[in-house]
Amino acid sequence: MARFQKRVKLTEETYNPFEVVDNSEILRSNLNEIDNRSIRCRFKATEDPIQYVFDSFDNTSLKTLAKDFVKEGFFDVISFITRIINN
């Protein structure tokens, strides 16, 4: 009897990919754990980059914004024409 106890079982557990598995309780517990870590609160506390851009627009004069817009537009037109000429 002792010699049979040291043998290893050679069969494998098979997994059926088409079998419907209900893991809703495990998923719910994982979501509750995430909520308990307050990841959402930390995300809400971070600065939104879009809000930062709108704040910078609000704090900059209209004259400066218009001047920068014209400069960038002029630079884009020049670079576009340069690319067309070089090709």
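**A nonpolar patch on a predicted chain**

Modeller: The mean pLDDT (the predictor's confidence in each residue, from 0 to 100) of the chain is 77, and 70% of its residues reach 70 or more. This is a predicted model, in which local features need pLDDT of at least 70 and side-chain atom pairs count only at pLDDT 80 or more, while totals for chains, interfaces and linings use all residues. Residues are numbered from 1 along each chain as its sequence is written, and side-chain values use heavy atoms, with hydrogens and water left out.

The chain has 5 helices and 0 strands, where helices are DSSP runs of H or I with at least four residues and strands are runs of E with at least two, numbered from the N terminus. Where pLDDT is low, the predicted coordinates should not be read in detail.

The patch itself consists of Ile50, Tyr52, Val53, Phe54 and Phe57, which together have about 540 Å² of accessible area (Shrake-Rupley method, 1.4 Å probe). Ile50 lies in helix α4 (residues 49–59), and Ile50 counts as exposed because its relative accessibility is 53%, the cut-off for exposed being over 50%.

Technical notes: Patches are made of residues with over 30% relative accessible area and no salt bridge: like charges are joined within 9 Å, nonpolar side chains (Val, Leu, Ile, Met, Phe, Trp, Tyr) within 5 Å. A salt bridge is a side-chain nitrogen of Lys or Arg within 4 Å of a carboxyl oxygen of Asp or Glu. Buried means under 20% relative accessible area, exposed over 50%, partly exposed in between (1.4 Å probe, protein chains only).
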